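Subject: Structure for your review

Dear colleague,

Please find below the structure that I am handing over to you.

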Amino acid sequence: MWALIVINFGIFFWMAGLSDDQVEAVSQSAGLIPLALTHGGPPGVLPPPLTLITSMFVHGNFMHVFGNMIFLFVFGDDIEEALGHWRFLAFYLLCGVGAGFAFVLSDPTSTVDLIGASGAIAGVIAAYALFRPCAKVYCLLGLIPLHLRAYWVIGGWAVWQVIEIAQRENDGVAYWAHVGGLIVGAALFVMMRPAGVRLFECVEPSSAPGSGATAAR
């Protein structure tokens, strides 16, 4: 997790030192362009399949990378602990690839480039919802800090993505990538978790012998 945060910030600050034309060239080369992946054009410096990976490490501005890394910091540590370092890295990258495919499938002929780690991080968030849904996390509602159960925060964010897709908002946010990352992350976490890592950790069998009740903590 920490390595991913350092790499993402490192690439962002490197790009911050480039001219506007150079930044645009990097975004076009490293970003995922649906038309390039589905039809082989327009051509770029990198092979289109490789941009499924490189697009995760390019961000448009400071708040873009900062927001994504905050989410990774809040939710990623526990998932890395559950999966282990290398399995977590594979999980993160596969979530990003899945999110990229969802973005491409939403409009295969689009020439809009996808950049940012939010699709991969959506997968991490989905894993957290399956792993520790009752853990309390801090979030901001406008300027109001709230301390809520993870399932409220993650569930609300997921519903928001679906609403935005239904409204067909064209605000530059890749909502289909977020939804794709959520779906892929949930599926992968179930399949990739080591033996002994339980789902829905906040639900435990009652300590009373023979009782089928559950208790939330």
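Helices (H or I, at least four residues) and strands (E, at least two) are taken here as DSSP runs, numbered from the N terminus. On that basis, the chain has nine helices and four strands. From the N terminus on, the order of these elements is α-α-α-α-α-α-α-β-β-α-α-β-β.

Two notes on conventions come before the findings. This is a predicted model, in which local features need pLDDT of at least 70 and side-chain atom pairs count only at pLDDT 80 or more, whereas totals for chains, interfaces and linings use all residues. Residues are numbered from 1 along each chain as its sequence is written, and side-chain values use heavy atoms, with hydrogens and water left out.

Confidence and overall figures

The predictor's confidence in each residue is given as pLDDT, from 0 to 100. The chain has a mean pLDDT of 88, and 89% of its residues reach 70 or more. Over residues 204-217 the pLDDT is below 50, and this stretch has 16 contacts (heavy atoms within 4.5 Å) in the model beyond near neighbours in sequence.

Of the 217 residues in the chain, 42% are buried; buried means under 20% relative accessible area, exposed over 50%, and partly exposed in between, with a 1.4 Å probe and protein chains only. Among contacts between residues at least 6 apart in sequence, 69% join residues at least 24 apart.

Helix α1

Helix α1 (residues 2-16) has 15 residues and reaches 21 Å from its first C-alpha to its last, close to the 21 Å expected at 1.5 Å a residue; the expected span is 1.5 Å times one less than the number of residues. Its buried residues are Leu4, Ile5, Asn8, Phe9, Phe12 and Met15. Seen down the axis of α1, these buried residues fall within an arc of 125°, so they line one face of the helix; the arc is that of the directions from the helix axis to the C-beta atoms. They pack against α2 (20-30), α5 (62-83) and α6 (85-106). The face of α1 turned away from this buried side carries the exposed residues Trp2, Ala3 and Val6.

Alanine 16 also belongs to helix α1 and is exposed, with a relative accessible area of 54%. Alanine 16 and asparagine 61 are 45 residues apart in sequence, while their C-alpha atoms are 8.6 Å apart in space.

The salt bridge

How many salt bridges does a search of the whole structure find? The search finds one, where a salt bridge is a side-chain nitrogen of Lys or Arg within 4 Å of a carboxyl oxygen of Asp or Glu. The side chains of arginine 132 and aspartate 78 form this bridge, at 3.0 Å from N to O. Arginine 132 lies in the loop between α7 (118-131) and β1 (136-141) and aspartate 78 in helix α5, so the pair ties together parts that are 54 residues apart in sequence. Arginine 132 is partly exposed at 22% relative accessibility, whereas aspartate 78 is buried at 16%.

Aromatic pairs

The structure has 14 aromatic pairs. Rings of Phe, Tyr and Trp (its six-membered ring) pair if their centres lie within 6.5 Å; planes under 30 degrees apart count as stacked, over 60 as edge-to-face and the rest as tilted. The rings of phenylalanine 88 and tyrosine 92 have centres 6.4 Å apart and planes at 40°, so this pair is tilted. Both residues lie in helix α6, four residues apart, about one turn of the helix, and both are buried.

The rings of tryptophan 160 and tyrosine 175 have centres 6.4 Å apart and planes at 70°, so this pair is edge-to-face. Tryptophan 160 lies in helix α8 (residues 150-167) and tyrosine 175 in helix α9 (residues 175-192), so the pair ties together parts that are 15 residues apart in sequence. Tryptophan 160 is partly exposed, with a relative accessible area of 43%, and tyrosine 175 is buried, at 6%. Ring pairs also link Phe9, Phe12, Phe13, Phe62 and Phe66 into a cluster.

Two further residues

Asparagine 68, in helix α5, is buried with a relative accessible area of 10%. Leaving aside neighbours within four places in sequence, asparagine 68 is in contact with His59, Gly116, Ala117, Ser118 and Ile121.

Valine 153 is found in helix α8. With the neighbours within four places in sequence left aside, valine 153 is in contact with Val137, Cys139 and Leu148.

Yours sincerely
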